[in-house]
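Have the sequence and the model open as you read.

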Amino acid sequence: MLAKATFAALLSVMTLPALAAQCDITVEGNDAMQFNTKEIVVDKTCTEFTINLKHTGQLPKAAMGHNVVITKEADKQGAATDGMAAGLDNDYVKPDDARVIAYTPVIGGGESTSVKFDVSKLAAGENYAFFCSFPGHWAVMTGTLKLSS
C-alpha cells in the first residue's frame with residue numbers, strides 16, 4: 001500500500017513540469033525576410049511572456065536587420081509607418097509609442113535578443129500582430145499573436 005502511494009505521489013510530481021505553461025517562444029528571422037512562425041499563442045496563465053529573437057542570416061543589421069514589435073492588429077500599419085521614420089537608432093519604433101505593447105532591439109545576422117512583457121497588457125478576444133518594423137519588412141514579416149482562451 002505504501003509503495004502504491006509513493007509511486008502515485010512520485011508520478012504526480014514528475015508530471016508537474018509538463019503541465020506548466022510555456023511563457024516564452026523563440027522566433028527566427030532570416031536574410032530572406034521570413035519569420036519561422038506565423039502565430040504566437042500566449043498562455044493566459046503566464047504573468048510575463050518572453051519573445052526570444054534569433055537572426056539566422058548573415059547580413060548586418062543596417063542591411064537586413066530584424067526586430068519583433070507587438071501591437072493590436074489595427075495599430076500595426078500606423079506603428080510600422082511611424083517606426084520607419086524613427087530610424088535604426090530607435091529600433092524603427094517611434095519613441096513612447098502607446099500602440100506598441102513590446103518590442104525587441106533590431107539585430108543583424110548571427111545575433112539574438114529578447115523582450116519580456118506583462119501579459120496583463122493583452123485582452124482575450126483582441127487581435128494582435130507581431131512584425132518586423134525594419135523598413136519594407138513589416139508587410140511580409142508578420143504574424144498573429146493571441147492570448148489563449
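## Where we start

In which strand does Thr 142 lie? Thr 142 belongs to strand 8, which covers residues 142-147. Keep in mind that the model is a predicted one.

Is Thr 142 buried or exposed? Its relative accessible area is 14%, and because buried means under 20%, Thr 142 counts as buried.

Leaving aside residues up to four places away in sequence, Thr 142 touches Phe 35, Lys 38, Lys 76, Phe 130 and Phe 131. With Lys 76 there is a polar contact between the two side chains, at 3.1 Å. The Thr 142 side chain also reaches the backbone oxygen of Phe 130, at 3.2 Å.

## On to helix 3

Lys 76 brings us to helix 3, which spans residues 76-86. Which residues of helix 3 are buried? They are Lys 76, Ala 79, Ala 80, Gly 83 and Ala 86. These residues sit on the same side of helix 3, because the arc they cover around the axis is only 115°.

## What covers the buried side

Strand 8 is where Thr 142 lies.

One last stop comes just after helix 3: Gly 87 there adopts a positive phi of about 85°.

Methods
Residues are numbered from 1 along each chain as its sequence is written. This is a predicted model: local features need pLDDT of at least 70, side-chain atom pairs count only at pLDDT 80 or more; totals for chains, interfaces and linings use all residues. Side-chain values use heavy atoms; hydrogens and water are left out. Helices (H or I, at least four residues) and strands (E, at least two) are DSSP runs, numbered from the N terminus. Buried means under 20% relative accessible area, exposed over 50%, partly exposed in between (1.4 Å probe, protein chains only). A polar contact is a pair of N or O atoms within 3.5 Å; within protein, one must be able to donate a hydrogen and the other to accept it, and residues adjacent in sequence count only if both atoms are side-chain atoms. Contact means heavy atoms within 4.5 Å. The arc is that of the directions from the helix axis to the C-beta atoms.
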